[in-house]
Amino acid sequence: MTKNNILSLSNVSKSFSDGKSVTHVLDRVSLDVEEGEFIAILGFSGAGKTTLINCIAGLEEADSGDVLVKGVACDGPGKDRGLVFQSYSLFPWLSVEANVAMAVEAVHKDKSREEQAALIRQKIDLVGLSHAMDRKPAQLSGGMRQRVSVARALAMEPEILLMDEPLSALDALTRAKLQDEIDRIREEENVRSFWSPMMLTRRCCWPTGSRL
Amino acid sequence: MATAILNSIKEDAAADAATQAVKNDVAEAAGASSDAGKADKPSFLQSKIIEELGPQLKAFMVPVFGILAFLAIWAALAPAVDTSLGNLPGPVEVGEQGVALYKEWSATQADKAAFYEAQEARNAAAVAAGGQVQDFEYAGAPTFLDQIWTSLKTVALGFFLATLFAVPIGLVCGLSKTVNAAINPLVQIMKPVSPLAWLPIVTMVISATITRPDPALPKAFVISAIVVMLCSLWPTLINTTVGAASIDRDLLNVGRVLRLGWFAKLTRLILPSALPYIFTGMRLSLGVGWMVLIAAEMLAQNPGLGKFVWDEFQNGSSQSLARIMFAVIVIGLIGFMLDRIMMYMQALVAKNCTI
């Protein structure tokens, strides 16, 4: 493990049990990610992509093996790792602005009101939704909801952005558009590492067999 | 109240007649402008009006017809039922008693005003003479409208207390499977208990608790309100539990990624997402509370609609049955109104909570 590895997994295993049978989802996954890398994880559905992302995000604990973030063992979710959820997971009772504001207020507690407001504005502008600030998620299209979800994750100003199939629920045209947009955001934003299952990029991890 | 309904029905009938008249006018106008021979054929404009107004008129007329049919059957069958207080009153007698009750109320209001005016004059005279001022409360019997007001206050207090207890307990039950497992059997056993079973216990406890001769809240009022609370607690509790337990796992994960504290998680995540369930429960609770209230008031002798019904039953005059029936209609209308208010609030809340 070199020092500039922002994330490193070693022999991470995870299995789920329903009492009768045990399903091994992750079997000794090892991976080193350097700063600035953009990694995609490919796999069939049920291969364990989401489980891996959840382990890195700290939502699930690996049965064995280590998840090191900047050399420190991962202990639950942290504000250095932003996560874009597969199913958008926006708060339906909050407007676009309030959805992003919730992340800003939770993560950047030390910033002043003005700084927080500026940050919210900037992230919403970034995903091109400044015209829809006051709308509720129900009034947005699928692609727009996904962009709000991206804006919310970016508003945490994370060092690692984890995206769990951010484009899977979209049609081909919207997907291509949003993919370009994510590329653009990646260049504009100083996020050190991108993780995105199901996106073709410089480095791909292809699981062997049916599981990771 | 019944006369008001009858009047509104009459108005409806008048409105229908007016619509018909408009149609005739239109037809005449159309006929005048075209050949005289075509006058009896429905004109384009007329059929257009029927087309436009038809569904609305039907949606309005069918319930009116239902009510009229019910009143007709009631009027026809009631005289056939013989009781010790004479025949069962029909809709007209009940309507008359409604008017009589209103007149009683206005008479009492006038009486009350006169009483206070006389008292003030007496006191002014006493002050002028350097004597003692004496203030008495008007001690006339409560009228029907006063009873309605008392009932509404009682149910409001009971419902407020029920919500105050049910929502927090429901939230805890929904969030913790252990707590839910501990409380659920109790809830299931308490839920079907009739208000009449609670009443003696509550009466004893409250009588022992409120011992001051002149308490801020009358004992009977507190007893009724607490019985209402004990019976209307459960729908809100169960629905809140379901609401808090069925919150989207992904939303909870968002909360974890953002590292929300427990209070932020509760107020910004769990409460808003459980709100539609909570309001559904509250609507059911209010319905139960209103039903229970009448029984509680009858037995606790708390002023209110229940006591009015009981007093009339004990009174046993020839108007008593008509008065009780009028009270039944009013109880139904108020229950319907409360339900509509809650339904409106429920819809308002649900609108904001779905994608």
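Reader: Is B:Val330 buried or exposed?

Author: The model is predicted, so local features need pLDDT of at least 70, side-chain atom pairs count only at pLDDT 80 or more, and totals for chains, interfaces and linings use all residues. Residues are numbered from 1 along each chain as its sequence is written, chains are lettered from A and ligands numbered from 1 in the order in which they are written, and side-chain values use heavy atoms, without hydrogens and water. B:Val330 lies in helix H11 (residues 320–351) of chain B, helices being DSSP runs of H or I with at least four residues and strands runs of E with at least two, numbered from the N terminus. Buried means under 20% relative accessible area, exposed over 50% and partly exposed in between (1.4 Å probe, protein chains only); because its relative accessibility is 2%, B:Val330 counts as buried.

Reader: How far apart in space are B:Val330 and B:Gly98, C-alpha to C-alpha?

Author: In sequence, B:Val330 and B:Gly98 are separated by 232 residues. In space, their C-alpha to C-alpha distance is 9.6 Å.

Reader: Does B:Glu117 count as buried or exposed?

Author: B:Glu117 is placed in helix H3 (residues 91–128) of chain B. Because its relative accessibility is 59%, B:Glu117 counts as exposed.

Reader: What percentage of the residues of chain A count as buried?

Author: Chain A has 5 helices and 9 strands. Along the sequence, their pattern is β-β-β-α-β-β-β-α-α-α-β-α-β-β. Of the 212 residues in chain A, the share that counts as buried is 53%.
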